Amino acid sequence: MDIGFIGLGNMGSHMARRLVEAGHKVIVYDVRQEAIGNIAALGAVAARSPREVADAAETVMASLPTPDIVLKVATGPDGVIEGKRVRRFVDLSTTGSVMAQRIFKLLAAKNIVQIDAPVSGGVRGAAKGTVAVMASGPRAEVEAVEPALKVIGKFFYIGDRPGAGQTMKLCNNVLSAAATVSTSESFVTGVKAGLDPRVMVDVINASSGRSTATEQKFPEVVIPRSFNQGFTAGLMLKDVNLFISEAKALGVPVDAIEAVAALLKLACDELGSQCDITEVIKPIEKRAGVEVRAPAS
Ligand code: NAD
């Protein structure tokens, strides 16, 4: 099938590559020429704008950083909405349900169906095709892209209401953010008290405190001090703030998640919003005066 793909960053580059490798004709665009060149070298077709992508394919996917950028790419001048061939816009980005519904309505006026299909599982999951894909939108249209989405990851149909997949994704991501932040506080405390963080990982992973932070982020990225998880703290803060506004609109108290947002904001303020999500531990380490690293044996 011909598939357009816009946004070839940490996640999109892998997802587009997997679609090329699965034999699809993939037409790609990014504001970074280098990103286009890398995937074109694997067999994708380069386009010069979102509109040009949407002139060439009935299905256009996107993996873009923020809700405003998705809105512009989908519905702005030279955007997907102006494409001659496009029938469905599959948004793999995390935009929140409010923006998903807004884009759904704007595109529907041009007979283009918006399907939200945010993903979870990180860059490693995108590379291996193991991310969870949380699709929502009209069932027949989602079914038309289900085989392609199964190339990207593990497919879940969340429902026909636009934005439902986005709500699902945000409910997941706040748990991941909370685990990362709370594991940071836990490990800085343990290390300052004299514990070996590698022992902490082993014990916690055999105990009730385990999570993706203790199973993967801390042993593979934090303790070796590589801080290359591949997801920025700025994007996680965006997700947590989207969750907070959706929860508040529903009248749900979110005091614990607001504390998580405050720590993410502190990391973004001190290290820049492009810092890795795992670097959220650094402001805590700075104040505690210790670093979570394996002791020199
Ligand atoms: P990224 O910043 O690495 O990639 C975004 C890409 O979009 C970049 O290549 C950038 O050049 C491109 N871009 C920006 N503006 C553009 C425009 N106007 N037109 C075309 N291209 C444009 O981000 P990412 O980490 O790949 O995340 C993408 C989306 O997936 C985000 O919504 C994020 O929240 C979500 N997500 C990320 C992860 C992760 O672990 N990185 C996991 C799950 C979901």
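Angles under 35 degrees count as roughly parallel, over 145 as roughly antiparallel, 65 to 115 as roughly perpendicular and the rest as oblique. Keep that handy for this predicted model, where local features need pLDDT of at least 70, side-chain atom pairs count only at pLDDT 80 or more, and totals for chains, interfaces and linings use all residues. Residues are numbered from 1 along each chain as its sequence is written, and side-chain values use heavy atoms, leaving out hydrogens and water.

**A helix pair**
- Helices here are DSSP runs (H or I, at least four residues), numbered from the N terminus.
- The axes of α12 (residues 255-271) and α13 (residues 281-288) come within 8 Å and cross at roughly 85°, so the two helices are roughly perpendicular to each other.
- Contact means heavy atoms within 4.5 Å; on the α12 side that includes Leu 263 and Leu 266, and on the α13 side Pro 283 and Ile 284.

**Nonpolar cores**
- A nonpolar core is a set of buried Ala, Val, Leu, Ile, Met, Phe, Trp, Tyr and Cys residues joined through side-chain atoms within 4.5 Å, and buried means under 20% relative accessible area (1.4 Å probe, protein chains only).
- The largest one has 55 residues, and Phe 5, Met 61, Phe 89, Leu 92 and Leu 149 touch the most other members.
- Helix α7 (residues 139-152) supplies the largest share of this core, six residues.
- Apart from that core lies another, of 40 residues, with Ala 177 and Ile 277 among them.

**Around α1**
- In α1 (residues 12-21), the buried residues include Met 15 and Leu 19.
- Just after α1, Gly 23 takes a positive phi of about 100°.

Notes:
Axes are lines fitted to C-alpha atoms, for helices over the stretch in contact, and angles run from 0 to 180 degrees between N-to-C directions. Buried means under 20% relative accessible area, exposed over 50%, partly exposed in between (1.4 Å probe, protein chains only).
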